[in-house]
Amino acid sequence: MSDLLTIELSYNNYHLLFPRIIISILLILGMVLLITNIIKRVKNGNLSTFNFKFFVDNFDKVKLFGTAVLLVVYASTLEIIGFIPASVIFMFLVTLLYIGNIRKRTIMISISNSLATTIIVWYVFGQLFDITLP
Amino acid sequence: MSIFEILTPLSVLLCFLGVFIGIVMGAIPGMTATMAIAIFLPLTYALDMIDSIGLLIGLYVGGISGGLVPAVLLNIPGTPSSLCTTFDGYPMTKKGEGEKALKVGITASIIGGFFSLTILYFFAPVLASVAIDFSSVEKFLIIVFALTVIASISKGSLLGGIFSGLLGMFISLIGTFTDNNEMRLVPPGLEDQLVYGFSLLPVLIGLFAIGQILQESEEGMKAASHQKIDLQKGNKNTQFSFKLFKNQKINVIRSSIIGTFVGMLPGVGGSAASITAYSQTKNFSKNPEKLGTGEPEGLVSSESANNGLIGGALIPLLSLGIPGDSTTAILIGAFLLQGIEIGPLFITSNQDLWSGIVFSLVIANIVMFILMFFSIKYFAKIVFIPKYLIFPIIVVACVVGSYAINNGVMFDVWTLLLFGLLGYIFPKIGVQIPSFLIGFILGTEAEKYFVDSLKGSSGDLTIFFTKGPIALVLWILIIGSVTYAIIDSRRTKKAAEQNAS
Amino acid sequence: MKKLLMVLIIAFLGAILAACGSSSEESSGDETSEANEQNGGEEASVDLNRIRVLIGSSSTGGDTYQNADAVSRYTEEVLDTNMKVDAVGALRAFDELGKAKDDGSTIMFFHDMAYLGVEYGSFDEKDELDNWTIGPMVSINPGNAFLTSADAPYDTMAESAEWLEENPDETITVAVEAGGVSEVTFDAYYLWVEQEFGTEISDRIHAYVTGSQEDKDQALWDGNADIIHGSIGANNQYTEDGVEDKIKMKFLGVSASERVEGFDVPTFNEQGITVDGEEFVFDKEFFFLMPKDVDSNFAAALDNAVAEVVENPDYEEDLNTNTYIVNHRPAEEAEEYLLEKRDKIRSVIEQAPDLNDIAK
């Protein structure tokens, strides 16, 4: 009995002990979740019908993928073109995207929002607080 | 000894300033109290000890308290310790009670702050000695106890919630285990970036802020219904009144005690404080099913606990020289820079400084309350800022915060985006974000104390039961908490079925 | 009434903001005046407005940070620039130093662990001393020590071995951190016991491997370790009179070449601890590291600036408040000295026990 409750510890493997335990529990739980799900499906008689839907109805493709693409582009350009230009361009485009039209007013709003935020962040954090900016 | 003999006008002024800057930084998603203190630490060398303490304590109190604002209004925890504030705070905002929620939170904060301050002032040495008695075994059990909150907050599926929590723990283990400097679970090719694993802050704000932004853009960035509610409509429910706290006396005290106590344990992180308090509030609540749907009760517990944590974390720092959390670990640097030794004799040999610290805490809490209580009206208007304006601002703040948290690491920005994507995908595939995050926050600590316990017992697992009376009490609490969560989950399910039929 | 309050608060906030603004102006004003002076062209100044000093520790409360902070604070004045100490931890510090520009805008400050970590395999081979430009050495933390609880039956490291010999049923567990100064000092103690008393005794010495100083302290209080590695600066507070018995500690010895002034703690050398018949002395020394191909003008400027700083009595006093002492070696001498020190310590490490065998 006491053997069962003792774990073989060795310095070289300290780092593997806990992850192994967590992985085991995760696997067991995953199995249980899967089995209960199957049982439920068998009971309800819809074993083979999958009506899993990832996106909500009529999802806004332009805005969703637009945001995702802009985020990635923003992060990749940060260190190349610097914090201020990258942020101004990113914010300008995202604001335009969210408002969803290209009227004069929209462009004005986007420009002022992006310029104001970027400069305030740059001044207060980058200059006053000496935070390392990209 | 009067307060003004010890505190110089400059230190009071710096304390005001500290609170103000702290609140602002705490309120910006991506900036934390720890960061605020780290930024100002080098500046304190030029100041007198008492003045620098005023500033740093102000930053600490302000930073922890400011996290409340985005948590309540935007569903983004401004700091890790305000995670549980989102559970009830944001639903209240959705009901148009944003201003009320903020006021409830602030009031709970100051009560928690003063409570822990009183404990710090009168019982610090005694309690510090108790804290030492908590060995790695007890600390591991406390973390397990905090983890039981996963069971009580899981919505819909209890197993799903636990699975999410474990998944979070698993992700947190990626990186190097410090005892033997060995890397594990790191995908090939990312060894350089993941040496230290994923940083908490980008993970936190990625899951909440970026995930939410992606979700909203999928839905087309329509104005939410609560953005159209007029706050001043005079609906009685949306008005704040101190009477609210009449029924919360026990809750406030319990949560403050838990906050102070968890904060006091060296090496158990601050976020565990509000997590534990929230779970106990839920267990003891008369209407546990309502928690998480916008009950002031939950808000009160989370906020009083995270301010209670401040006094708690200072207890081992000032009476033993051991920092109670990551923020006080930086604070210790401020003392050392001035050549002041913090240790078991600190309080007796530095009476003036000790009183100064306590007075600074009093002032910081009061300033925090006044500053926030009366500016909340304007803060609350944040909700009405159109999404197309506020979301880009949040993204930039998150990116700056992530980049700066480790002094300029681009990988942290990618972490932010990766977990933003996960924050968007998780709810769709049934992974519960709060549970995942709690697992992530507590995972590394759980591992450390688990391994430490076994090192002490040469691998004997029974140590967790035989260590001593404290361990047994903790087991009773853990089992009680889990049993309660299971019963509660069954009851909720039944109620739901009845409603359906 | 309400209006009046609001007005007051706004006025108050305004005042704060103004204070905020003015204080910032002040500091930026300093910078510009510094910059002007810099253009005036003092010999020692460098053409950088900011130098990042990466340190090999992620703590802002440890000895690395304190030594880095002190030397940076004085050196930046001499160099007419701004030095920012970043506590990023060893692995990241090396990583970033490897990628840093050669103009000296990013440099590193660390202690003996810089090469010990490589020898022990905690750091990558590519981070070995030969791949960096070694800068000047500035200070010593002479308090590298071992401690035990105040009521332990031995008072020095040497006595602890004798105690083990006299009590064949006892064991001693020592809390150390892997891959650093604490492991090498522990190894020396272990090897000495093995060579002097035989493996029967040394087999009863175990290691409890853990991280920070707090963890080691707690290990002692928990009873998981009998002896812990520590330092005079960090642990002295627990040894003073008036400390509760439960947490009271006592020093068992320091590894430095000389005793620390004001402390009655014998050195390893005094206790007769030797490795391979040679006395074991280990000073924990702090020095700068720079990228391999760093601009030679910058390296020279830093070297000269540090030489000036170490003469400053204020700097010395700053170090002494935390029981550190000035120990200056110009870059060239430091390089030779460190490489020699490393070769000497290699033999200890080669003979050292595998932690896997002696860790609990």
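This is a predicted model: local features need pLDDT of at least 70, side-chain atom pairs count only at pLDDT 80 or more; totals for chains, interfaces and linings use all residues.
**View 1. Chain C, a chain of helices and strands.** By that rule, chain C holds 13 helices and 13 strands. Of its 360 residues, 58% are buried. Take the contacts in chain C with a separation of 6 or more: 78% of them join residues 24 or more positions apart.

View 2. Is Ser202(C) buried or exposed? Its relative accessibility is 0%, so Ser202(C) counts as buried. Once neighbours within four places in sequence are set aside, the contacts of Ser202(C) are Tyr190(C), Val193(C) and Glu194(C).

**View 3. The largest nonpolar core and Phe335(B).** This core has 318 residues, and Phe335(B), Phe186(C) and Leu289(C) make the most contacts inside it. Its leading contributor is helix H17 of chain B (residues 351-379), which gives 14 residues. Not counting residues up to four places away in sequence, Phe335(B) touches Met49(B), Ile53(B), Leu318(B), Ile340(B) and Ile342(B), together with Phe346(B), Leu353(B) and Ile357(B). Among these partners, Leu353(B) and Ile357(B) have numbers that fall in the range of helix H17 of chain B.

**View 4. Chain A against chain B.** On one side are 56 residues of chain A, in contact with 66 residues of chain B. About 5200 Å² is buried between these two chains, and carbon and sulfur atoms give 81% of that area. Within chain A, the residues that lose the most area to chain B are His15(A), Phe18(A) and Tyr98(A), which together make up 13% of what that side buries. How many salt bridges are there between chain A and chain B? The count is zero, while four residue pairs are in polar contact, both residues at pLDDT 80 or more. Four helices of chain A each give two or more residues to the side that touches chain B: H1 (14-44), H2 (61-81), H3 (83-99) and H4 (104-128). H1(A) gives the most, with 15 residues. Sorted by type, the residues on this side of chain A are 42 nonpolar, 11 polar and three charged.

**View 5. Chain C against chain B.** In this second interface, 53 residues of chain C meet 48 residues of chain B. The buried area is about 4100 Å², with 57% from carbon and sulfur atoms. Arg92(C), Gln237(C) and Lys360(C) supply 12% of the area that chain C buries against chain B, more than any other three residues. Two salt bridges are counted between chain C and chain B. Look for the salt bridge between the side chains of Lys448(B) and Asp215(C), at 2.7 Å from N to O.

How values were computed:
Residues are numbered from 1 along each chain as its sequence is written. Chains are lettered from A and ligands numbered from 1 in the order in which they are written. Side-chain values use heavy atoms; hydrogens and water are left out. Contact means heavy atoms within 4.5 Å. Buried area is the accessible area (1.4 Å probe) that two parts lose on being put together, summed over both. A salt bridge is a side-chain nitrogen of Lys or Arg within 4 Å of a carboxyl oxygen of Asp or Glu. A polar contact is a pair of N or O atoms within 3.5 Å; within protein, one must be able to donate a hydrogen and the other to accept it, and residues adjacent in sequence count only if both atoms are side-chain atoms. Ala, Val, Leu, Ile, Met, Phe, Trp, Tyr, Cys and Pro count as nonpolar, Asp, Glu, Lys and Arg as charged, and the others, Gly among them, as polar. Buried means under 20% relative accessible area, exposed over 50%, partly exposed in between (1.4 Å probe, protein chains only). A nonpolar core is a set of buried Ala, Val, Leu, Ile, Met, Phe, Trp, Tyr and Cys residues joined through side-chain atoms within 4.5 Å.
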